[in-house]
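Hello,

Here is the structure I promised to pass on. Please have a look at it first, and my notes follow below.

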Amino acid sequence: MRYFKLPDLGEGLQEAEIVEWHIKPGDEVEEDQIILSVETAKAIVDLPSPQKGQVLALFGAAGDQVHVGEPLLEYAGAADDDKGTVVGEVKSGSKEVEVDQFIIGGSSARDSSRTLATPLIKSLARRLNVDLAQVKGSGRNGMITADDVEKSAQVKHDFGDAFTLKGVRRVMAKNMALAHAEVVGVTIHDDVDLHAWAKGEDITMRLVRSIGVACLAEPNLNAWFDGNNLALRPISRVDLGIAVDTPDGLFVPVLRDVANRKPADLRKGLDNLRAAVQARKIPPAEMTGATITLSNFGTIAGRYSNPVVMPPMIAILGAGRIRKELVVDGDGTAVHAMLPLSLTFDHRAVSGGEAARFLAAVMRDIALK
Amino acid sequence: MALKEEKSSDKHAKSKIEPAGSTHVVTLVEAVNLALRRAMRDSPEVIILGEDVGLNGGVFRATEGLKAEFGYKRVLDTPLAESLIAGISVGMATQGMRPVAEIQFMGFIYAAVEHILCHAARMRNRTRGRLSCPMVIRAPFGGGIHAPEHHSESTEAMFAHIPGLRVVIPSSPTRAYGLLLSAIQDPDPVLFLEPKRIYRMVRQQVEDDGQGLPLDTCFTLRQGQDITLVSWGAMVHETLLAAKQLASEGIEAEVIDVATISPLDMETIIQSVEKTGRCVIIQEAARSGGIGSEISARISEEALLYLQAPVRRVTGWDTPMPYPKNEHLYMPSVEDIIDAVRTTLEGV
Amino acid sequence: MKENSMTDNLDQQADRISFIDRDGNAVRELPDTVDVDWLRQSYRHMVLIRALDKKAVALQRTGQMSTYPSCLGQEAVGTGIGMAMQDEDIFVPYYRDQATQTLRGVTLHQILQTWGGDERGNVFEGVAKKDLPLCIPIANQMSHAAGVAVALKSRGIRQAVVTTIGDGGTSRGDFYESLNLAGVWQLPLVTVINNNQWAISVPRSSQTGTRTLAQKAVAAGIEGVQVDGNDVVAVYHAVEQALHKARCGKGSTLIEAVTYRLSDHTTADDATRYREASQVSQAWEYEPVKRLQTWLHANKHWDPDREQALLREVQQEVDDAVAAYLQQAPQQPDDFMRYVYEEMNHSLQEQRAELLEKHGRQKEDSHGT
């Protein structure tokens, strides 16, 4: 402590007279060392120092009256007796230094995908077993009203449940809508005469090969198109997206660099991709970066189609079901196998001529033995 | 010049006068002292006034050493008259000074309300901007220090209801420094309420760089996606403790320190509620008519559709603060906050 | 309840300062600065204020102005103060200071605006730029004035603050607290009490037990002076002396100007409910304007022709101000929101948008207000 005050001398004595100081300012004193003698009404009392320290100042000289509690002596360099308040007790915490962590303002962007409905509507929906995610709000700012919920419940009752598209189906729905909005698709249909083919040809591999060949002839169809900046990027390597149908939906894994690989290698690669897709083990990276697409729906049914170009690609070749057809052969007729083809191209990026020449190149290659 | 020059010794007002711009490890009340010193060094118009602020350095030592450094003309020990302290601050401020007045405890501010409400908050409006009132009134507030009656007030809502006044409440040393600097520089009157229970509770490293923190903005102290906890003042301490405990149970709470309780930054709070869908507001003040009620009403207006459960408030009771023996029955606790969170998470 | 000892207060007291008595006779030599031009200027101003005052009451009675506090009979108090103040002194009024404010550059139009309920009346220019606006809560202005005096003294500016208060206001805490501070800090503050004998319906004798109001200076440790408030020279002299003293750093003065409120408290008051008509007519006998007119006539510095010319002149000035007031364009609907803070916060901006949607912005008129 900083000050030594006259202690309670007992027996209700409130004051004393200083008789003699035994130390002076500057002295070092030890605990319990006698520093002062005072005289009370009853006796002369020697006062010891309550602590070790250096004497800074003395208050009062011999002959002075001092009262209990009055400061007599100040120690040098001692901690303050300051309680730091005038009422109550303001506690000090630990000596540990804390780091103040804070962000000015808010921590994250708004989540705008929430369903907007009041608690009342939410409980109504629960009662009627309606999934609010499927209900379109007719209220202000898209808010869902009680009416909306009841109509939805009625539809469900009359016509059965709807299920919200998820996963691959959901992605397909979104992508197709986007593609439709952006792409100016034109489709050219034609048939290829397969009579030169040997038995047991790998149809898919012939299609793959023909696309590689056609890309050499008309490179602009193996390209990406930036519709915003109107920029066409022809790509030297042909990475072919191949549409694969599964119970879960449409997958389009990518067969890389088809123009420069041998058929056996391509076949193995395609089988691996297919297997991975079926097993739902295909990494996302294997489904990105396609430069042109093949949709061989003919394995199921269908002749011609308008397959959808998925930006940033600009072309997709659809192959329908092979059929036997009566054709004109020289002066007579014959029955030939015919493979229907549909080429959709984005007319923003390439001309009809370029597309037609591409298709012609495809057909020439497929028609070969 | 006799603005009452003190003749008695200034030995108790000694301070370690340090060079500007250094880093200090300080408690909240020491951060207030640091900010006052910085403001006085940087702007000659800043004057400190109040009871016991000069020679004694303030009863909580918030103005320790300032008179020794800046002299009796800039640190004024006023007579005992709270109404007068606020009134002369108004007069001084209209003439371009920046008075920073101390009301010793919020319990004694009521005599000054007339000048705060009728004049400080209205001078700019009344004169269409010709005169303004850039003054700050600082007052220790809040309970929990076992003090006698009137020394534990939390009536900040009364002042939040006054248009033209700002009410700012820090909850950490760093933010006390930054917010007080901004309050002093603000062109309009600010009531700066200092939660005395946490005056010395925590030490932080504060850079004495003269940089203020923005007013009218909340601070997000902890991010989380399960529930938003909103508080201010000393209760922020309990709220953070509750959040820590909840985290060990896998509940991640987002903690927001309101700081400027008027005008409110609802954008930060709404943004958080839209993310979490749940909110608990924690205030030491009495339940009815408090800031919690205002925040709750605004959430209801602007984010009802995002709520998964009602907004709950953890508050003091609608009673005066009990005398020290029963103080613990009044003050909201960490358990109270956790209970409210659990109830909220149980849903509608 | 104390009996109305009105006459007690208005009797010529030995220590009450007076130059021109109630009969218009000079009882002592006039101060050097008070020459004929000064007297005619003061007379002119009192006549002008009385004309404005009369017109303002009429406007209120015809519903074109809100409640207005007449200063009838008290013109000498305000004029004496205004003539004594220097440009760089600062004036902190209560609410019956039309005479002083108009001597400091506040226009007649602004007086009408303020009581017509338009804050633009507080946008003082020129000399009054730092003056405070009028103060409705009783006695608060005294603390503000003390604060202004602290500001002046702090900055070492050798100017002074004048503040005014009614007899009723001297009962309020702010009065004592401010004077006390002025005494202990030796502030350059001059306080003038407009003792017009009435605080609405409460007579002066019921307001306090002291014989004079000036003697309350003793409690504050400052000089207290009583003057005949209907003698513009006496008021001027006392204020001028006090200002000089204040500017020299010699401290604060309390001046009690003894006068009579010849009108109702405000246009909303009916004084016949609480005071005798006979007392009022008696008070008219020693009102300030007539007594100065008497002196000017007697000393051959005035005549009926000049009187008529003056009356026409002030009437024109008043009529011009009234016309400007009646024709002024209203404020923009959001003006009362724009000055709550220096910058509108987010919430207030939203509210402003709401308000403007409801009320729209007024068309700007040729005055551009």
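Chain A has 6 helices and 21 strands as its secondary structure, where helices (H or I, at least four residues) and strands (E, at least two) are DSSP runs numbered from the N terminus. Please keep in mind that this is a predicted model, in which local features need pLDDT of at least 70 and side-chain atom pairs count only at pLDDT 80 or more, while totals for chains, interfaces and linings use all residues. Residues are numbered from 1 along each chain as its sequence is written, and chains are lettered from A and ligands numbered from 1 in the order in which they are written.

The C-alpha trace of chain A spans about 155 × 55 × 40 Å along its principal axes. Its radius of gyration is 47 Å, whereas a compact globule of 369 residues would have one near 21 Å; this radius is taken over C-alpha atoms, and the globule rule is 2.2 Å times the number of residues to the power 0.38. Of the 369 residues in chain A, 24% count as buried, that is, with 20 or more other C-beta atoms within 10 Å of their own, the C-beta atoms being placed from the backbone.

Now to the contacts between chains. Chain A gives 30 residues and chain B 39 residues to their contact, with two residues in contact if their C-beta atoms, placed from the backbone, lie within 7 Å. On the chain A side, strand 9 (97–98) and strand 10 (103–104) each supply at least two residues. That side has 11 nonpolar, 11 polar and 8 charged residues; Ala, Val, Leu, Ile, Met, Phe, Trp, Tyr, Cys and Pro count as nonpolar, Asp, Glu, Lys and Arg as charged, and the others, Gly among them, as polar.

Between chains C and B, 36 residues of chain C are in contact with 40 residues of chain B. Helix 6 of chain C gives the most to the chain C side, with 11 residues.

That helix is worth a look. The axes of helix 3 (residues 82–94) of chain B and helix 6 (residues 140–154) of chain C come within 6 Å and cross at roughly 55°, the axes being lines fitted to C-alpha atoms over the stretch in contact, with angles from 0 to 180 degrees between N-to-C directions. Residues that meet there include B:Gly87 and B:Val90 from helix 3 of chain B, and C:Ala146 and C:Val150 from helix 6 of chain C. By class, this helix contact has 9 nonpolar, 9 polar and no charged residues.

Best wishes

Key
A residue is buried if 20 or more other C-beta atoms lie within 10 Å of its own, exposed if 12 or fewer, and partly exposed in between; C-beta atoms are placed from the backbone.
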